[in-house]
Amino acid sequence: MKKRKIAALTLSLALALPLAACGQSGGGTTETNSGGSSADNYPSSTITIVCPWDAGGTSDGLCRIVSEIGAGSDYFGVNMVVQNSGGAGGTVATTEFKNTAGDGYTLCQEAIGVFTLQPYVRDVDYTIDDFIPVAALSNEPIIMIAGKNSGITSIDDLLAKDTVTYGFSGSGSLMELSQKQFFSMTDVEATGISYDGSSPTIAALLGGHIDVCVGHPGEVMQYVESGDAVALGIFNDERDPRDNLKDIPTFKEMGYDVTMSVWKFLMVPASTPDEIVTKITETLSAITATDEYKEFCDANQLLPLTMTTDEMVQRIKDEAAVNQALLSGES
């Protein structure tokens with residue numbers, strides 16, 4: 001089967017509805033979808049997936065591949081549409097989604113930072129307890145690299161330096177916190193420098209202005225493969241099984257218990273009946289197990305992720321506690 005790129009999906013499924021059209025309002029609780037909340041006839045009408053980011057990125061692409069597969073008769077078997085609602089790092093749509101009717105007809109896709117970072121850098125009116133995660137979607141690991149002219153070819157080389165400069169995209173981001181937590185476990189005097197995006201961060205590394213930086217595979221591996229950079233470690237619990245990443249050691253196996261990655265999931269409001277939650281969870285599990293879904297992830301350098309609802313909730317709370325300490329300077 002031909003691999004699908006995000007752009008192709010965006011063009012083929014350019015479906016977006018305003019919040020009001022999805023049975024949502026910017027204010028109070030919304031009306032229940034005409035399909036009702038009975039698990040016996042669920043689903044019987046259109047299901048909307050809210051994407052709290054603009055069209056065109058991997059978050060949008062994940063929503064669209066799920067909706068495309070999910071509309072098939074072997075899965076939800078009803079029309080599925082994607083509604084993009086970007087703003088404030090995903091917090092605007094997430095706040096509005098909190099007030100959505102828990103009837104199973106509106107799902108929301110999230111990236112982990114909406115719950116583990118944003119609450120500590122801005123005022124938000126939600127917690128993970130307001131929702132039920134129903135499907136893990138993907139994991140996008142964070143990899144530390146050094147420039148080829150830095151003389152750093154391993155973590156041991158890095159730790160042998162008296163002082164280190166590290167670059168990252170966005171203050172308070174996982175890109176910053178992953179390195180900040182790692183260096184807090186060492187005796188190295190490390191100074192972080194923030195850049196406006198991954199491209200200028202990597203350019204600074206390749207130009208010798210910083211010693212190390214981090215990025216996702218799609219951002220950094222081309223430089224590793226060309227020999228312009230060296231991969232030092234990956235912030236995963238286990239090694240990434242993909243051919244071009246499997247030889248990169250985890251920080252955990254090197255003695256530094258730091259696990260940070262951008263992982264994404266789908267959720268419903270906490271008011272959703274258990275029977276409908278079960279139907280949604282089982283159907284989404286079948287969708288993410290398809291070859292079509294796996295091929296999409298592979299084409300976009302994402303790793304399919306499998307977790308139960310309880311595992312997702314616990315991981316969110318654990319990561320939030322770590323990030324809160326790092327952002328407050330308590331680590």
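Modeller: Helix H7 gives the most to the lining of the largest pocket, with 3 residues. Helices (H or I, at least four residues) and strands (E, at least two) are DSSP runs, numbered from the N terminus. This is a predicted model, in which local features need pLDDT of at least 70 and side-chain atom pairs count only at pLDDT 80 or more, while totals for chains, interfaces and linings use all residues. Residues are numbered from 1 along each chain as its sequence is written, and side-chain values use heavy atoms, with hydrogens and water left out.

Now to the pocket itself. A pocket here is an open set of points, on a 1 Å grid over the protein atoms alone, where a 1.4 Å probe fits, with protein on both sides within 12 Å along at least five of seven lines; lining residues have an atom within 4 Å of a point. The space in the largest pocket is about 670 Å³. Its lining has 29 residues, and Trp53, Ala111, Ser173, His216 and Val262 lie nearest the centre. Elements giving two or more residues to this lining include helix H2 (58–70), helix H6 (174–184), strand E8 (212–215) and strand E10 (261–269). By class, 12 lining residues are nonpolar, 14 polar and 3 charged.

How far can you trust the model? The chain averages a pLDDT (the predictor's confidence in each residue, from 0 to 100) of 88, and 88% of the residues score at least 70.

How values were computed. Points joined across faces, edges and corners; volume = space filled by probe spheres on them. Nonpolar A, V, L, I, M, F, W, Y, C, P; charged D, E, K, R; others polar.
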